[in-house]
Amino acid sequence: MKTTLTIFILINVITFSTFAQDPPHIILGGHSRNVNDVIFSPDGRAFATTSWDDTIRLWDADTGYPKLSISERTGLLWSVVFSPDGNTLAYRNGDDNIILWDVIAEKYKLTIETNNDLFGDISFSADGKMLTCGSRKNTISIWNTVTGELTAELTGHTDLVWSVPFSPDGKTLASRSKDNTIRIWDFTTFEHKQTLEGNLARNGDLIYSPDGNSLASKGGNNSILLWDVDTGEMKISFIGHSSAVNKIIFSPNGLTLASSSSDNTIRLWDVDTGENKETFSVQSNYIGGISFSPDSLTLVSGDGDGKIQLWDVNTGTQKMELTGHTDGIRGLAYNPNGNTIVSGSGDATIRVWDASTGTNIKTIEKALDNIYRVIFSPDGSTIASWGGTDTIQLWDVDTRELKSSLTGHHVSSSWYSIDIEAVFSRDGQSIVSWDAENTKRLWDVETGELIKTISDDTYQLDNITFTPDNSIHVTWNRDHSITLSDRTTGKHKKTLIGHTDHINAIGISPNGKIAASSSQDHIIYLWDVQTGLHTKTLIGHVEAIGSLTFNRDNTVLASASWDNSIRLWDVHSGETLQVLTGHTRPVYCVAFSPGGEMIASGSSDSTIRLWDGRSGETLHILTGHTLGIESVSFSPDGSKLVSAGGGDHTIRLWDIPKILTPLISISPNQVECPPVGEQFTVDVNISGGYDIRGYNISVNYDGDKLRYISHSSGDYLSDEVFVGPSVNTPGRLSYNITSFLVTGSGDGSLGTITFEVLKRRSSTLVLSAILSDSNGQQIRSAVKYGRIVEPRWDVIGDGYVSILDLSYVAARFGQVGGTEADVNGDGIVDIKDLILVASGIDTEAAAPSTANHLTKFMPSRADVQQWLFQAQQLNMTDPTSQKGILFLEHLLTILLPKATALLPNYPNPFNPETWIPYQLAKPADVTLKIYAVDGIIVRVLYLGHKTAGIYQDKTQAIHWDGKNNVGEPVASGVYFYTFTAGNYSSTRKMLILK
């Protein structure tokens with residue numbers, strides 16, 4: 001073994017000659033060939049990189065300074081890992097020896113001689129005192145990391161050992177061998193515990209579940225196998241893929257397993273039942289990766305066609321598809337707070353997306369040819385991009401200006417072999433990057449200077465996005481049909497047949513009740529999503545229809561066609577409301593502004609048109625793109641429009657207020673709805689006005705949810721004004737003002753309106769305005785509506801505040817930072833957050849009759865009692881907390897069942913265990929007796945004295961392990977169980993199948 005070390009201290013390079021094998025030499029700059037891997041130390045303060053240039057480099061993650069550089073002359077470097085405490089770095093070299101380095105002292109520590117027998121990856125034990133790796137001798141070797149001595153050699157496999165992962169708690173390790181077995185070993189005694197045998201794939205992933213109780217592996221025949229670590233039994237075989245499984249991952253909460261396959265699908269599996277919860281079809285023949293969001297609620301995927309797709313894990317629906325890139329997605333990243341996604345593509349653009357709405361809010365045009373990766377700095381102010389050249393570019397997110405160009409990286413000339421990555425330090429002051437030759441460099445973000453050559457964690461950036469939940473998953477097929485799948489089970493519900501040509505686009509109404517489909521047959525069909533029935537046929541376009549979108553209130557559908565027009569359709573009648581003409585070539589895309597007050601369309605005539613959402617008049621024509629516009633989208637607040645030029649490879653961000661002046665808007669644009677009975681005010685503002693003599697303002701509001709209280713004039717015009725009569729009818733307010741003296745210009749207020757809350761629900765303040773100048777001529781203007789939104793107590797984002805939200809928060813007690821469950825934003829999830837959520841639930845929402853589907857999420861009576869006790873300890877006397885406490889008190893009363901009852905056991909049939917739920921109307925001593933068919937008692941379970949309540953989930957129901965009173969498993973067959981609680985007694989039947 002030949003090893004050299006270089007230590008960097010600030011700008012001075014000091015060389016040490018401490019190794020007998022080979023004198024050390026100085027390595028300046030970065031890696032000279034492909035970087036293979038980059039890993040962070042457990043504490044995130046350092047990271048290591050490996051390269052085809054036969055070096056490993058250790059970097060300080062905060063400063064970017066190189067800590068040491070190890071030069072190997074033995075060939076390949078494999079499996080670089082940190083010890084759990086981050087103090088030791090280990091790797092396998094070309095001689096199949098394991099080399100240990102002291103990270104703290106920045107010096108060589110130990111060589112473990114292995115006689116060229118290593119195979120696969122190396123792993124540290126949980127305490128860092130042992131290190132293990134597979135072997136060509138079909139054994140698993142375990143060495144002492146202090147002495148380098150071989151501590152144990154685990155035998156049993158009859159062929160090469162691929163991988164040896166440790167369980168999360170470090171108590172066991174699993175081994176995957178080419179002999180088609182998986183073995184589980186006790187790491188305390190080194191004893192073989194279980195051999196898992198089945199139809200395994202030749203190689204592939206072997207991963208522990210987050211709780212360490214299960215192992216997942218790729219099986220034969222394109223399956224995935226789930227194993228019980230304790231028993232060694234195969235619990236579930238996930239079958240459904242028709243081609244090789246490429247990747248399997250557990251969700252962070254361990255409830256879901258996701259798999260991607262060469263059959264162009266991604267599947268979600270229920271870990272407990274094995275049910276295929278959802279199958280996501282990807283049109284591209286390449287799925288670039290899959291990854292769960294930290295909260296396990298969303299799966300993101302990216303494909304070779306440039307599409308980014310977000311999938312709702314709970315509902316099995318596609319939350320969002322981000323389109324606009326004209327080449328494959330090479331990189332995706334969230335900014336640190338999860339609000340924004342940035343994507344890089346081979347189409348030479350970088351796009352910034354709003355993670356909650358999917359709006360493309362910024363684009364960096366022609367940043368570099370073939371952008372493959374982009375990432376945010378920790379504060380979200382800077383984006384780093386890199387791709388098909390030797391340059392990394394840093395961009396200011398707000399100004400979109402290029403801050404620095406970091407040159408020196410090397411990329412391959414083959415597009416498919418480019419593999420550049422980068423990551424920011426935690427403080428955002430430096431960035432680590434590596435390229436196609438895996439060169440890793442550390443740069444100063446502010447100055448752009450090279451501090452050292454660095455790379456970061458292996459950021460295989462996956463495609464992720466988040467949108468409001470849809471109830472039905474919709475796909476369209478090559479046979480011109482449309483498939484609807486159930487949101488909960490993922491099972492096929494309906495096939496919609498009617499189109500006679502290729503389906504170009506599908507739109508789903510915001511309320512999820514209506515689907516619209518367009519085709520090259522020039523026809524639009526409307527469908528009832530729940531029944532699958534065809535309800536309307538919209539005929540009018542004479543060329544192919546390529547884009548569909550609904551307005552916010554589900555009443556109007558807009559369609560863009562190659563006949564150079566946009567049509568607005570009445571969803572209820574199916575009649576054409578308006579035909580918007582002006583484009584001179586096919587219209588590719590159309591979008592409503594968030595409030596529906598404006599429509600944007602993009603055409604192959606290289607223009608974007610803005611239309612008045614009500615009158616259909618052209619408000620403005622945007623020019624700048626040199627070829628056709630493939631997509632347009634408004635920002636969530638309607639103040640920005642982003643457009644993607646497919647042919648010119650650019651994305652442009654447009655400032656609507658600067659384009660359309662004046663702009664009349666509701667401020668604040670979004671109001672968090674106060675409690676029922678309380679009042680709030682909004683302002684009607686004007687920006688960019690000029691020569692305004694008078695105005696008429698109308699605001700439509702939902703009279704069932706809001707009550708108009710009063711309004712006052714703004715200060716935009718002088719005091720010498722004529723105030724016309726106001727019109728106030730339920731749901732509508734209109735008032736007008738004219739100046740006698742001077743006209744108004746610039747920005748200002750046109751009035752203030754006060755409302756009272758009747759129902760705490762989302763609604764829209766629909767604004768319209770008529771402005772006149774000093775000559776009495778009407779002035780064209782744009783308007784921006786206001787939104788009244790429910791507070792963020794809807795933590796799971798399904799549009800309602802219910803028991804689901806309460807359970808979600810309770811399950812996350814103690815978590816700190818970065819979770820929706822931290823409702824009050826104080827950095828920790830606790831009883832205060834739960835009380836806030838409870839205050840947003842209507843009392844009737846707790847009634848079982850209105851929430852049958854929520855029964856399994858209903859908390860126990862003991863839980864509610866504990867929550868009330870904690871709230872009382874905090875003396876929470878404010879009105880909102882009192883409302884939440886009142887709801888919990890009401891919930892406590894309905895959790896008392898009206899009658900004692902024995903419920904059916906589950907599962908049934910079962911093997912080897914089952915749970916027997918019951919409910920008590922009043923406290924009682926509980927006993928369960930289990931009988932064989934001949935009447936002989938095989939087991940008696942004394943539950944003791946139980947309080948009134950519902951005992952339904954696995955933590956509360958009676959558990960029977962299928963054994964008799966002496967601990968012997970009973971035989972297969974029919975059994976009866978008799979439940980006794982006080983004077984109540986009931987008997988049911990169950991079946992054991994083995």
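1. Phenylalanine 722 belongs to strand E66, which covers residues 721-723. The relative accessible area of phenylalanine 722 is 43%, so this residue is classed as partly exposed.

2. The chain as a whole. The chain has 994 residues, and 55% of them are buried. Of the contacts between residues at least 6 apart in sequence, 49% join residues at least 24 apart.

3. Confidence. The mean pLDDT of the chain is 75, and 72% of the residues reach 70 or more. Residues 61-65 have pLDDT below 50, yet the model gives this stretch 28 contacts beyond near neighbours in sequence. Residues 333-338 also stay under 50, with 21 contacts beyond four places in sequence. Where pLDDT is low, the predicted coordinates should not be read in detail.

4. A three-stranded sheet. Strands E74, E76 and E79 form an open sheet in the order E74-E76-E79, with antiparallel pairing. Which strands stand at the edges? They are E74 (901-902) and E79 (949-951); each has a single partner strand, so one side of each lacks a neighbour in the sheet. Strand E76, residues 918-920, is joined to E79 by three bridges in the antiparallel sense. Within that pairing, tyrosine 918 is opposite tyrosine 951 of E79. Strands of a sheet pair through backbone hydrogen bonds, either parallel or antiparallel.

5. Strand E54 runs over residues 587-592, and five of its six residues are buried. Its antiparallel pairing with strand E55, residues 598-603, has five bridges. Valine 587 has serine 603 in E55 as its bridge partner. Five residues lie between the two strands of the hairpin, and glycine 596 takes a positive phi near 85° there.

6. Serine 606 sits in the loop between E55 and strand E56 (607-612). Is serine 606 buried or exposed? Serine 606 is buried, because its relative accessible area is 16% and the cut-off for buried is under 20%. Leaving aside residues up to four places away in sequence, serine 606 touches Leu622, His625, Thr626, Leu627, Gly628 and Ile629.

7. Salt bridges. How many salt bridges are counted? The count is three. One of them joins lysine 705 to aspartate 702, with the closest N and O atoms 3.6 Å apart. Aspartate 702 has a relative accessibility of 25% and is therefore partly exposed.

8. Glutamate 756 and arginine 707 form a salt bridge whose closest N and O atoms are 3.0 Å apart. This pair links distant parts of the chain: glutamate 756 is in strand E69 (residues 744-757), arginine 707 is in strand E65 (residues 706-713), and they are 49 residues apart. Glutamate 756 is buried, with a relative accessible area of 17%, whereas arginine 707 is partly exposed at 40%.

9. Aspartate 961 forms a salt bridge with arginine 939, and here the closest N and O atoms are 3.1 Å apart. This pair too links distant parts of the chain, its residues being 22 apart. Aspartate 961 is in the loop between strand E80 (958-960) and strand E81 (973-981), while arginine 939 is in strand E78 (residues 937-946). The relative accessible area of aspartate 961 is 28%, so aspartate 961 is partly exposed. Arginine 939, at 18%, is buried.

10. Serine 301 is part of strand E28, residues 298-303. Its relative accessible area is 1%, so serine 301 is buried. The C-alpha atom of serine 301 is separated by 7.0 Å from that of isoleucine 287, and the two residues are 14 apart along the chain.

Technical notes. Residues numbered from 1 in each chain as written. Predicted model: local features only at pLDDT ≥ 70, side-chain atom pairs only at ≥ 80, totals over all residues. Heavy atoms only, no water. Helix = DSSP H or I, 4+ residues; strand = E, 2+ residues; numbered from the N terminus. Buried < 20%, exposed > 50% of the residue type's maximum accessible area, 1.4 Å probe, protein only. Pairing = 2+ DSSP bridges. pLDDT = per-residue confidence, 0-100. Contact = heavy atoms within 4.5 Å. Salt bridge = Lys/Arg side-chain N within 4 Å of Asp/Glu carboxyl O.
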